[in-house]
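Hello,

Here is the structure for you to open. My notes come after it.

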Amino acid sequence: MSGIVGYGAYIPRNRITSEEIARQWGKDPRSIQRGLLLEEKSVPGIDEDTITISVAAGRDALARADVDPQRVGALYIGSESHPYAVKPSGTVVAEALGIGPEVHVADFEFACKAGTEAMFVALSLVDSGRVEYAMGIGADTSQGAPNDALEFSASGGGAAYLFGRDRVLVDVLETYSFTTDTPDFWRREGQFYPRHGGRFTGEPAYFKHVEAAARGILARSGLKPEDFRFAVFHMPNGKFPLAAGKALGFTNEQMKTGRVVTTMGNTYSGSSPTGLAAILDVAEPGDRILITSFGSGAGSDAFVLQATDLLPSRRELGATVRSMLDGPRRYLTYGEYAKYREKIILNH
Amino acid sequence: MREVAIVAAGMTRFGELWQTSLRDLFVDAATEALNAAGVDRLDAIFVGSMASGQFVGQEHIGPLCADHLGMAGVAAMRVESACASGGMALRAGFAEVASGLSDLVLVAGVEKMNDGADATAVLATAADQETEAYQGVTFPGLYAMIARAHMETYGTTEEELAAVAVKSHRHGALNPKAQFGRVVDLQSVMTSTLVADPLRLLHCSPVTDGAAAVLLCPLRDAKRFTDRPVKLIGSGVATGAMALADRADPAFLDAVQLSAERAYRMAAIGPGDVHVAEVHDCFSIAEICCIEALGLVERGHGRHAAPSGETALGGRVPVNTSGGLKAKGHPVGATGVAQVIEVFEQLRGEAGDRQVADARFGLTQNMGGSGASSVVHILERV
Amino acid sequence: MPSPRYWREIPGRYRLEAGRCHGCGKVVYPTRRICPACRGAEFEPVLLSRRGRVVTSTVLRVSPDDFVMESPYAMAIVETPERVRLMVQVTDCEPSTVQPGMEVTLEFRLIRKEGQSGILCYGHKAVPVVAADTARSR
Ligand SMILES: [Zn+2]
């Protein structure tokens, strides 16, 4: 059976607190912290983007798998902040990881679920026997417009998953996808910031798709919420995943390890994949894990996973998500943040 | 090989010369040299320029210079070795005369840096483009790393670095052609804006327009042009690793040492015989490293020279009596020739308030990049 | 930077691919045609360790135009265990804390952008080990 043979995550070291952003716009920081359950978010450095985050995460995934990069036959990167509008991120990442040139590479985009899409396709290619190993990455350095609610959440980070058939760390027991056309959030070509439909992003978009995908995969796998030790749902803020999980019958205990959004922010395509990485950092052999992503537009991918005996020893070979969330950080002022996110216009 | 003499010199004022173009800078300096010697014909012109193409968009300046001097037809060529272009042009002119190829050669250096180009970016082209400039380093940055390595190895202090700039300004204030005619104190150097830690604005040579020219001929003909010729008795050129990272010791300028050894050997003198020297102080740390590599002080002792007064006017071996690149100004391609003019005047007793008493041997040292090329000349009073 | 010139250097910049001289064993980065130590002309590719130690450093406060948004930034000469020295920026830290002797890792980063519409140029920068996760440094 095919599954995850290596994984890695990367979260930039810069942070900005909700309080600092709130202060800039004369908002009450406590209402943000209470309403969105967001304390702080990661901020990519001026020298970080989807490509560099993917390379950092991909290097740890290869290290944990201990696989010759030349045996990786497919590489997919899901992001809504690919640095080029035309020219793939994946080619840079493949060269940096030592993958290829005999490799199939593509960039995916589906708002925040592009990462799980990349994972789904990578897994399927391994399943089909078409390639020996395939890597799926979700990474983003998304922008939230200044003084938009998104500014409190839009952050940078990502995770990479290498799929294979031998020496599997995490078995994939089931997959499921649920997709409809729902214009809740978008960014037109040439626009710098995304736009959203306000409260329309909630009930008819996030909750409908996340809950449908989770219910669908539970039905298909014949499992109940109590059969899982961990669950992670896409994290646009701190509140939505808790509400969705609760409606589905999951407890805070099952969700707390993967709910990294409160100090990481929403890493868009990297959100649920990074939450999953945080879970794999601590899961015991036999533990079952549910991951459900959400991408505006809209759709959800769900995976039922189960840790194998190999996971505890192999995960030592890479950096943990918690070490990056709780490790050395640099706190930015709003002015530094504006500079890092290139919101300042220079003379060129 | 024939013995070679310098018989005349000409030099523009150094500074921001908004009214004067690259070609006219050259013509002004060249004409002064030609008039001083009473000469109206030349066999060849060698002109040093680091980056006329980038500063003013003009390559191919050999014929441009000859033409504007009213001498179209004369053999003319440009020599380039970044900030050592002027010194290298002198080397080429020296070889031209010594070999017998030409009898009367004008060696000039010219740079027009204040014509709207981004000087920081242009100068950075003298660094290794693939391994240094690509990463975002600048020349102040490279010399700052040399400074920090020197501080790390020898305990050099920021105050000692600043003392070099103070001395240069004191000398420069006595030079009517210098860009900066004012003295600065230690405090103002040490509190000037940081450019690249630990180097501050007043540790850095300025962006300068200027030109300098000297006339060379065989020594045996020299008296036809002047009654006080100066003999060129040593010339040494050397190269080192292009990138600073590839040098065994970033605090030591190997190419400078090697070029000096070659010049001393040819001149049959040693560093102890030098009475006056012009060295390439593009940054304060560079003077410290250069006087060590030239053997004027012991390795690691360069830091004491300016604070002790050893290299000041009146000291054991006055260095950069002109004010150096720091105070006189640094029109990069012209610098190497301007250094020679200062020593030429010193050996002829024409240096006015800056005169070093009874100087017989003088040395010039001009380098390119972060020290990947260096040229040393030794001159003797006749 | 014109793209052919950038593209040619990809192995060295993306993977820290260097050359080990068959003649004397010296590791040269980026690789060259001729060994600067023994003039040997045969090299085998080796990957540099992504870690090292600062030999000397500075903080650039006046930067070239392409790096204005980043200034001030630290730069250093970093020596890897292969005794190769690289000129790199030091990122993810307060620039003034970078000093000789500091242990660093080398991370894949965006080095420069060619204006508003040109190519993006990648490579490696150093990150102080105190800031980096040690598991990343192999
Ligand atoms: Zn060799």
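Predicted model: local features only at pLDDT ≥ 70, side-chain atom pairs only at ≥ 80, totals over all residues.

Residues are numbered from 1 along each chain as its sequence is written, chains are lettered from A and ligands numbered from 1 in the order in which they are written, and side-chain values use heavy atoms, with hydrogens and water left out.

Chain B splits into domain 1 (4-118 + 207-224) and domain 2 (126-204 + 233-381); the bounds come from an automatic or database domain assignment. Their C-alpha centres lie 22 Å apart.

Domain 1 of chain B puts 41 residues in contact with 33 residues of domain 2 (heavy atoms within 4.5 Å). The two domains bury about 2600 Å² between them, 71% of it on carbon and sulfur atoms. Buried area is the accessible area (1.4 Å probe) lost when two parts are put together, summed over both. On the domain 1 side, Met11(B), Phe14(B) and Cys83(B) lose the most area, together 24% of what that side buries.

Now the polar side. There are 12 residue pairs in polar contact between the domains, both residues at pLDDT 80 or more (N or O atoms within 3.5 Å; within protein, one must be able to donate a hydrogen and the other to accept it, and residues adjacent in sequence count only if both atoms are side-chain atoms). The salt bridge count between the domains is 1 (Lys or Arg side-chain nitrogen within 4 Å of an Asp or Glu carboxyl oxygen).

Best wishes
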